[in-house]
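Me: I have not looked at this structure before. Could you take me through it in questions and answers?

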Amino acid sequence: TKKAADNTSSKLKITTSIYPEYEWVNAVLGSHASDADVTLLMQNGVDLHSYQPSAEDILTVKNSDLFVYVGGESDGWAEDASKDAMNPNFKSIDLMDLLKDIKKQEVAKEGMQKDADDDGEIEYDEHVWLSLRNAEKVVKGIADDLSQLQPENQKDFQANADAYIEKLSALDQRYQKTVDSASKKVLVFGDRFPFRYMVDDYNIDYY
């Protein structure tokens with residue numbers, strides 16, 4: 001299981017809300033992963049938009065050294081939990097806040113259903129992790145915070161982050177090459193549309 005097993009351990013306690021964050025944290029930890037308890041809150045099949053944390057989940061966050069979460073309206077509970085953290089050196093990474101300079105408003109494109117609870121206020125697309133370029137920024141942020149929590153491992157964390165970012169960059173270049181060679185740069189999607197950040201990275205239109 002991806003749930004942390006030992007809450008009494010002296011290991012570094014890291015909590016992540018969704019799987020991409022869990023993946024990135026473990027990539028930055030590298031060989032130090034065995035010295036940390038990394039918890040994934042949203043297990044397989046759990047939807048960010050409907051997730052309701054349990055009392056145990058809240059306690060896990062409060063006992064963490066580092067908490068990585070998406071932020072935005074869907075993660076309002078996470079900010080509240082972070083405020084009550086028990087560790088005086090507690091750090092948190094709110095993806096929406098970390099990427100605030102590039103976050104994008106939701107756009108009503110052709111074919112999209114209007115939300116029944118839409119009150120006209122500006123809403124920002126929370127799917128920031130579905131952009132390789134955004135992922136690079138988050139991985140760097142994770143490495144920076146882990147380096148502050150464990151300065152003795154800073155060199156390793158930064159090297160692991162650089163290596164992972166290099167992989168993300170290579171994949172980004174593959175995406176760009178594929179789009180550049182396409183005769184039509186249009187994506188038609190048949191469900192809730194989560195790829196706003198990705199399509200903007202490569203100047204792809206969508207419906």
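Me: How are the axes of helix α5 and helix α6 placed, and are the two helices roughly parallel or antiparallel?
Reply: This is a predicted model. In it, helix α5 covers residues 132-149 and helix α6 covers residues 154-180. Their axes lie 9 Å apart and meet at an angle of about 180°. Angles over 145 degrees count as roughly antiparallel, so α5 and α6 are roughly antiparallel.

Me: Which residues make the contact, and how many of them are nonpolar, polar and charged?
Reply: On the α5 side the contact includes Leu-132, Val-139, Lys-140 and Leu-146. On the α6 side it includes Phe-157, Tyr-164, Ile-165 and Tyr-175. By class, the residues in the contact of α5 with α6 are twelve nonpolar, five polar and five charged.

Me: Where is Ile-165, and which residues does Ile-165 contact beyond its neighbours within four places in sequence?
Reply: Ile-165 belongs to helix α6. With neighbours within four places in sequence left aside, the contacts of Ile-165 are Glu-136, Val-139 and Lys-140.

Me: How many helices and strands does the chain have, and in what order do the elements run?
Reply: There are seven helices and six strands in the chain. Read from the N terminus, the order of the elements is β-α-β-α-β-α-β-α-α-α-β-α-β.

Me: What is the radius of gyration of the chain, and what does the globule rule give for 207 residues?
Reply: The C-alpha trace spans about 55 × 40 × 30 Å along the principal axes of the chain. For 207 residues the globule rule gives 17 Å, and the value for this chain is close to that, so the chain is as compact as a globular protein of that length. The radius of gyration is 18 Å.

Me: What share of the residues is buried, and what share of the accessible surface belongs to carbon and sulfur atoms?
Reply: Of the 207 residues, 41% count as buried. The accessible surface of the chain is about 11,800 Å². The share of that surface belonging to carbon and sulfur atoms is 46%.

Me: Among contacts between residues at least 6 apart in sequence, what share joins residues at least 24 apart?
Reply: The count covers contacts in the chain between residues at least 6 apart in sequence. The part that joins residues at least 24 apart is 67%.

Me: Where does Gln-105 lie, and which residues does Gln-105 contact beyond its neighbours within four places in sequence?
Reply: Gln-105 sits in the loop between α4 (95-98) and α5. Its relative accessibility is 39%, so Gln-105 counts as partly exposed. The C-alpha atoms of Gln-105 and Ala-159 are separated by 34 Å. Apart from neighbours within four places in sequence, Gln-105 contacts Ile-122, Glu-123, Tyr-124, Asp-125 and Arg-196.

Me: What does Glu-106 contact, leaving aside neighbours within four places in sequence?
Reply: Glu-106 is also a residue of the loop between α4 and α5. Because its relative accessibility is 41%, Glu-106 counts as partly exposed. Glu-106 and Ile-122 are 16 residues apart in sequence, and their C-alpha atoms are 7.9 Å apart in space. The contacts of Glu-106, with neighbours within four places set aside, are Glu-123, Tyr-124 and Asp-125.

Me: Which residues does Phe-189 touch, not counting those up to four places away in sequence?
Reply: Phe-189 is in the loop between β5 (186-187) and α7. At 31% relative accessibility, Phe-189 counts as partly exposed. Its C-alpha atom is 6.3 Å from that of Tyr-207, 18 residues apart along the chain. Not counting residues up to four places away, Phe-189 touches Pro-194, Phe-195 and Tyr-207.

Me: What is the phi of Asn-203, and is Asn-203 buried or exposed?
Reply: Asn-203 is in the loop between α7 (196-201) and β6 (205-206). Although Asn-203 is not a glycine, its phi is positive, at about 55°. Over 50% relative accessible area counts as exposed. Asn-203 has 63% relative accessibility, so it counts as exposed.

Notes. Residues numbered from 1 in each chain as written. Predicted model: local features only at pLDDT ≥ 70, side-chain atom pairs only at ≥ 80, totals over all residues. Heavy atoms only, no water. Axes fitted to C-alpha atoms, helices over the stretch in contact; angles between N-to-C directions. Parallel < 35°, antiparallel > 145°, perpendicular 65-115°, else oblique. Contact = heavy atoms within 4.5 Å. Nonpolar A, V, L, I, M, F, W, Y, C, P; charged D, E, K, R; others polar. Rg over C-alpha atoms; globule rule 2.2 N^0.38 Å. Buried < 20%, exposed > 50% of the residue type's maximum accessible area, 1.4 Å probe, protein only. Areas by Shrake-Rupley, 256 points an atom, 1.4 Å probe, with all protein chains shown as cover.
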